Amino acid sequence: MPVNAGIEYGKAEEEYLEANTPEEKLIALQKMLSLCPKHKGSEKLQKEIKEKIKKIKESIKKAVKKGGFQKVAIKKEGAALIVIVGTTNSGKSTLLNKLTNANARVADYPFTTKEPIQGVLDYKGIKLQMVEIPAIVEDFRETELGPSLLNLIRNSDLIILTFNTPEEKKLLDKELANINIRRIIYNNEEHFEEKIWSSLSIIKVCTKQPGKEKDYPPVALKKGSAIEDLTLVVHKDFTKNLKYAVVNGKSAKFSGQRVGLKHRLEDDDVVEFHTK
Ligand SMILES: Nc1nc2c(ncn2[C@@H]2O[C@H](COP(=O)(O)OP(=O)(O)OP(=O)(O)O)[C@@H](O)[C@H]2O)c(=O)[nH]1
Ligand SMILES: [Mg+2]
């Protein structure tokens, strides 16, 4: 080192080179600057470090403005996005592990979950994306991940609330005050999956080929969808060439009703396509 900066400085520089995130880099650079000898010969080095600090601060600012989505790397997948939102030690990870393939750490100390964890809930063949986010605290928006996690919640289809006391419920209501996503409360009940399913605005429909068993898995559609929406998902040719569809289930007036493209479907209907 030409400026004779010392062992501590060398260590800080190593930390800088090994840092994985902009935040870690910034901390290391600030350490380097404070340990850098302050004499004529080191002026150039000091200037370089200060410039690096400036650049990193700017890039961090930009990332925060964007909503910090790079920090919370959850991509919407599956038929619906469900977020488990609750106070600490309220059983969020326990619920996630129970309903999905996730293996989140469960512990009796607070704030075990430090970043969002996702799993897939397979509800009768429909894949639902379920995410546990770190515990809600007072002024959640001001926490490091707060803005991006609140964005994630806003983009979801359903919120599951977990809490231990009425006071904690009040805190959740306060922190989620501006969010208009449907909420349900988990009370440790059995068959909670059914409550989740009925709270979502989707239906599942099975297709079937004539003379065969119904196909698996079913198709997820928005509530209110018609045969036409189903053809668009399974096979666009059916949209053009449909002679009629045979429907069994709740939407059928009688077993084996023949319907056209505009017929509205219900949850668990079974549809057989007959083409021209
Ligand atoms: N209150 C409550 N506690 C539970 C429940 N299920 C499990 N626990 C226990 O509560 C503790 C915390 O459970 P977690 O599932 O880790 O809770 P969490 O909400 O994910 O907690 P953090 O991630 O630390 O905020 C553990 O000791 C669990 O055994 C539940 O339904 N309600
Ligand atoms: Mg947890």
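View 1. A nonpolar core is a set of buried Ala, Val, Leu, Ile, Met, Phe, Trp, Tyr and Cys residues joined through side-chain atoms within 4.5 Å; buried means under 20% relative accessible area (1.4 Å probe, protein chains only). Helices (H or I, at least four residues) and strands (E, at least two) are DSSP runs, numbered from the N terminus. The model is predicted: local features need pLDDT of at least 70 and side-chain atom pairs pLDDT 80 or more, while totals for chains, interfaces and linings use all residues. Residues are numbered from 1 along each chain as written, chains are lettered from A and ligands numbered from 1 in the order written, and side-chain values use heavy atoms, without hydrogens or water.

**View 2. The magnesium ion (ligand 2) and its protein donors.** Meet Ser93 (OG), Thr113 (OG1) and Glu132 (OE), which lie 2.1 to 2.3 Å from the ion. Donors are N, O and S atoms within 2.8 Å of the metal (3.2 Å for Na, K and Ca); water is not among the atoms, so sites may look incomplete. Ser93 in helix α4 and Glu132 in strand β3 are 39 residues apart. Ser93 is buried at 7% relative accessibility, and Glu132 is buried at 1%.

**View 3. Thr239 in helix α9 (residues 236-241).** Thr239 is buried, with a relative accessible area of 18%. Leaving aside neighbours within four places in sequence, Thr239 is in contact (heavy atoms within 4.5 Å) with Glu228, Thr231, Leu232 and Leu261.

How values were computed. Buried means under 20% relative accessible area, exposed over 50%, partly exposed in between (1.4 Å probe, protein chains only).
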